[in-house]
Amino acid sequence: MATHAGSWGCTVFEPRELGSGLGYRAELAEMIDQHADRIDWLEVITEHFLFAPADRRERLRALATRFPIVPHGVEMSIGSDREVDGAYLEALAALVAEIDAPWFSDHLCFTRTDQVALGVLVPLPRTRETARRLGHRAQRVQDAVGAPFLLENITYYVDLAGPLSEAQFIAEVMENCECHLLLDLTNLDINARNHDFDPLEFLGTIPVERVAQVHLAGGADTDDGEPSLDTHGEPVPPRVWELLAELVGRTTVRATLVERDRNFPDDPYELLAEIDRARTLLAGGV
Amino acid sequence: MGLLEALAAVLTRESELATLREHPARLRRRYGLSDAELAMLTGASPAGLRVTGESVRGKLVQKVTTCLPATVAELKAHHPELLNGFAAATVRRPRPGEGVTDSGEAGQLVTWIDGRVPAPLVDFARYELLCGQLAGDRRAAQAAGEPILAPDGPLRGTPSVSPAVRVAFFDHDVTAEPPPSRLPARRTSILLRRQWGEPALRVYRINDATAALLGRCDGTRSVAEVIAEMIAEVGADAEQVTGMLTRFAAAGVVRLAPGRY
């Protein structure tokens, strides 16, 4: 992977191009195996393998001989008041090295406090102080693991409204680190509708040149005043495809990833068609 | 303490959510919040807090399901109020080095349903918990992947059950066909063995004499002492015990460490 010296003397990683990938889930393993030629890369949930028994790690290594694999974390809790757990970071660095991961990613949020392990992605107060602290911490995580660290925007239902908009908050985090962004366009679409903001204005505020990867999924829309939900259980909706087209018109995206966690389609070609469509858009098609 | 701790408490405890709604000043004092932080919490939409709280409880059930899939399916089908009550009453505590197969909350669920559902289902839940714990046990997996060092010549040393093996007893036949809440009442001893790869586990029903033998292979008795105890306390035959020990050692179920002969 390409690197150069950053503004603070730290190493800056330049994520390479991966193409169009799919989130690995046990339910999709057979389909992935049978259609490997149509899937450029895979993303696995970090915590499924981080402290896993050796035979499960062996299966992951075998998978890594066939696909580039990116560990995508859900439990780093980078926004917690405390530093990221040292044992977690050490294990993460070992995992990244073991499968030669091109990068690793996690969410801009917190999932635990000293007292409670929430297990879900919960938003942070959008203040400059929080953003600065988060950026510096993300840089330390990237330096400790020794690979590019991508931070993902979450779907949030609790809005801890602060002085910054979500886009301004993300921009401020990026100002304080040399990490990259994993932009979840479905989360952006859902947040824009739930919290009534313009997704294009969001794209105009974040440093889009730092977006290395995109997530694509389908959520659950409601028409009864309830929030739309990020379920990963439906096809990618037209609004999200339009956002991807808009984004690739503004910057070079290195990788897209289709996520499906439930309602797995009987017809594998449904997901493969989404992967193909993302690849076409990455190449500048429509 | 602080804003994140206060938000986590509001999302996981109805009492703290009520405090936020009815006595926000108390919440501010309890968590040392500034005016701006309290305003962020009180400004959060009730729908947003509810949806996120439901998500926290849903994630807890999902995590427990990883370890106890059949038990949770049975609870969802026949005792949904118990499962919901468990999710509402349980606050997960952070644990360093926690993996997805961590069974802490699954153990809590087994305790939660004890005495509240039919006894066969509780027994089955204990069995499933044991399976989940063994499947995720890194030492067991490592032991399962190691070559078996079968003894050549007479058995000697101190036998102990392999880290890849568990022996357990139940009052119901946990190996019988489902549904788990109607398992036959029958004392059942099982040997559960971690294997390398898939499937990760194999289960064997064993008789009382075998269970008694394996129970004595705990790394504190020599082969001779195990045999002597089996003769004196179980009424076993020395040749039979030696034969069983030899077969278990050859299969890697029992390991022989050098020690007292």
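Colleague: How many residues of chain B are in contact with chain A?
Modeller: 40 residues of chain B are in contact with 32 residues of chain A, where contact has C-beta atoms, placed from the backbone, within 7 Å. This is a predicted model, in which local features need pLDDT of at least 70, side-chain atom pairs count only at pLDDT 80 or more, and totals for chains, interfaces and linings use all residues. Residues are numbered from 1 along each chain as its sequence is written, while chains are lettered from A and ligands numbered from 1 in the order in which they are written.
Colleague: Which element gives the largest share of the side of chain B that touches chain A?
Modeller: Helix 5 of chain B does, with ten residues; helices here are DSSP runs of H or I with at least four residues, and strands are E runs of at least two, numbered from the N terminus.
Colleague: And how do helix 5 and helix 7 of chain B cross?
Modeller: The axes of helix 5 (residues 46-67) and helix 7 (residues 80-89) of chain B come within 9 Å and cross at roughly 115°, the axes being lines fitted to C-alpha atoms over the stretch in contact and the angles running from 0 to 180 degrees between N-to-C directions. That makes helix 5 of chain B roughly perpendicular to helix 7 of chain B, a term that covers 65 to 115 degrees.
Colleague: Which residues meet there?
Modeller: Arg57(B), Leu60(B) and Val61(B) in helix 5 meet Leu83(B), Ala87(B) and Ala88(B) in helix 7.
Colleague: Changing topic, in what order do the strands of the open sheet in chain B come?
Modeller: The order is 2-3-4, with antiparallel pairing, and strands pair if DSSP finds at least two bridges between them.

Methods:
Angles under 35 degrees count as roughly parallel, over 145 as roughly antiparallel, 65 to 115 as roughly perpendicular and the rest as oblique. Two residues are in contact if their C-beta atoms, placed from the backbone, lie within 7 Å.
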